[in-house]
Amino acid sequence: MNLTPEKRANGCLWLIVMMIVLIISFGVITVSLDPPVLITLFISIGGAIFISLKLVGKPRLKGIITGIVITVVILGILTAGLSFLFTLLQPRSESTAFKVEEFVKKTYRLEGTDSVEVYASNRVWRDNFGNDFNTTLTVRVRDYTRLRDHISGYQPGRSGNFWGDLYDYIERTDRPALDIIMDSFRIIQKEKKLNRMEFAEMVVSCIQDIPYSFVFQEACLAPHNYEESIRELLQKCPDCCIGNIAYGIQNPVSFMGNLKGDCDTRTVMIYSVLKSFGYDVAILNSDFYRHSILGINLPTSGLAKIYNGKKYMLWETTAKYYAAGNIPATYSDISYWDVVLTSK
């Protein structure tokens, strides 16, 4: 009887097929199910061996062991590399607490022959292009005292655009008292020779750099009284809350006087500054996300909202490292954003 020896698969071919199947299955399982890495690896290796045996045949045992070892090593290197890259691309987390030098101080400035009492905060920040800036955000104490409660006297109109009308009222009322801050930004623009995009970036990143604070209509309570997202921040920074503020928004002068600002407190502040410098800017609100962001009509790439035939690039203002056209993925469904106010 002429017995034919069992045909063995080519070891190299078997290894290549197994690695291809393993990498594909590892990626698909990770993206679709996101289980722990070891479980993903175990399932992927088992599936890759099974499919390779079906497609190519059975190699020698030594070939299988070699293939598994090499594949595990390669996957380990890929996982470590992807993890490192993901860490680099993630927005950097920052402390929610103020540094000592960032606190607002009551001091004086000379205006003509008069010594005027002011609130001033020295700010040092870096924009999203790595440019460093510093300035002092200053408002007069008399303006702060005069304007800090003016929102409580606001009478809503009948346009049906409550927030847009309120923001417009706040901006028009406060803007003249922001003249010192406007001059500070103007000096930076001149010294650094900033173009329009660079100037907008400088202004927005300055406000982004200010640690976030909640602004509530009611009094601020102990952290355990709030939902998780609020509770976590207040546990880290108990002072990051200001309460008993009409409509839950601080006017720009008050914001600059105590540096406590939430989303729409910041968007109105930035809107006021950029509007004064001739920019076409917008404020967008979302009832769904319970958030407010800035829109700016400048030629750049990223997420945008089309409104009245104009393209407003969306801009997150409550955290660092978000450039124009860049907002958190959790807020990125454009259909949930409504333009409530534009400068032009």
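Predicted model: local features only at pLDDT ≥ 70, side-chain atom pairs only at ≥ 80, totals over all residues.
**Entry: Glu-171 and Arg-175.** I looked up Glu-171 and got a relative accessible area of 0%, so I put this residue down as buried. Its partner is Arg-175: the two form a salt bridge, with the closest N and O atoms 2.6 Å apart. Is Arg-175 buried or partly exposed? I found a relative accessible area of 29%, so Arg-175 goes down as partly exposed.

**Entry: how many in total.** I then checked how many salt bridges the structure holds, and the count is 14. A reminder to myself on why such pairs turn up: side chains of opposite charge can pair when their charged atoms come close.

**Entry: Arg-126 and Asp-132.** I went to this pair and saw the two side chains meet in a salt bridge, 2.6 Å from N to O. Arg-126 has 54% relative accessibility, so I call it exposed. Asp-132 comes out at 41%, so I noted that residue as partly exposed.

**Entry: Arg-109 and Glu-111.** Here the side chains also meet in a salt bridge, with N to O at 2.5 Å. I looked up Arg-109 and found 29% relative accessibility, so it counts as partly exposed.

**Entry: following the links.** Which residues are linked in a network with Arg-109 and Glu-111? I traced the salt bridges and wrote down Arg-140, Asp-143, Arg-146 and Asp-179 alongside those two.

Note on methods:
Residues numbered from 1 in each chain as written. Heavy atoms only, no water. Salt bridge = Lys/Arg side-chain N within 4 Å of Asp/Glu carboxyl O. Buried < 20%, exposed > 50% of the residue type's maximum accessible area, 1.4 Å probe, protein only.
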